[in-house]
Amino acid sequence: MYEYQYIEIDTGGGFWFNNAEGSHRDVIDHEARDGWRYVGYVPLTFTGNGGIKSMDLIFERESKE
């Protein structure tokens, strides 16, 4: 059995926005140190030009139960 954790991050979402220095890498590294494995993302909000403005990063780990 697995448990899941969802962490919302803001990407900025602009058409010309460069998220190369975004916080997503720090979040993924931090959660990995706590035993969580990154498994994917779900877009939450979009800009008017179709860019992803925010998303949930999804993590899983084996349940302790």
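**Close-up views of a predicted model**

View 1. Tyr4 lies in strand E1 (strands, E, of at least two residues, and helices, H or I, of at least four, are DSSP runs numbered from the N terminus). Tyr4 is partly exposed, with a relative accessible area of 42% (buried is under 20%, exposed over 50%, partly exposed in between; 1.4 Å probe, protein chains only). Tyr2, Tyr4, Tyr6 and Val39 make a nonpolar surface patch of about 420 Å². Nonpolar side chains are joined within 5 Å, taking residues with over 30% relative accessible area and no salt bridge (a side-chain nitrogen of Lys or Arg within 4 Å of a carboxyl oxygen of Asp or Glu). E1 gives the largest share of this patch, three residues.

The model is predicted: local features need pLDDT of at least 70 and side-chain atom pairs pLDDT 80 or more, while totals for chains, interfaces and linings use all residues. Residues are numbered from 1 along each chain as its sequence is written, and side-chain values use heavy atoms, without hydrogens and water.

**View 2. The open sheet.** Three strands form an open sheet in the order E1-E3-E2, with antiparallel pairing (strands pair if DSSP finds at least two bridges between them). E1 (2-10) and E2 (37-46) stand at the edges with a single partner strand each, so one side of each has no neighbour in the sheet.

**View 3. Strands E2 and E3.** E2 and E3 (residues 52-62) run antiparallel and are joined by eight bridges. Pro43 stands opposite Met55 in E3.

Conventions:
Patches are made of residues with over 30% relative accessible area and no salt bridge: like charges are joined within 9 Å, nonpolar side chains (Val, Leu, Ile, Met, Phe, Trp, Tyr) within 5 Å. Accessible areas come from the Shrake-Rupley method with a 1.4 Å probe; for residues, only the protein chains shown count as cover.
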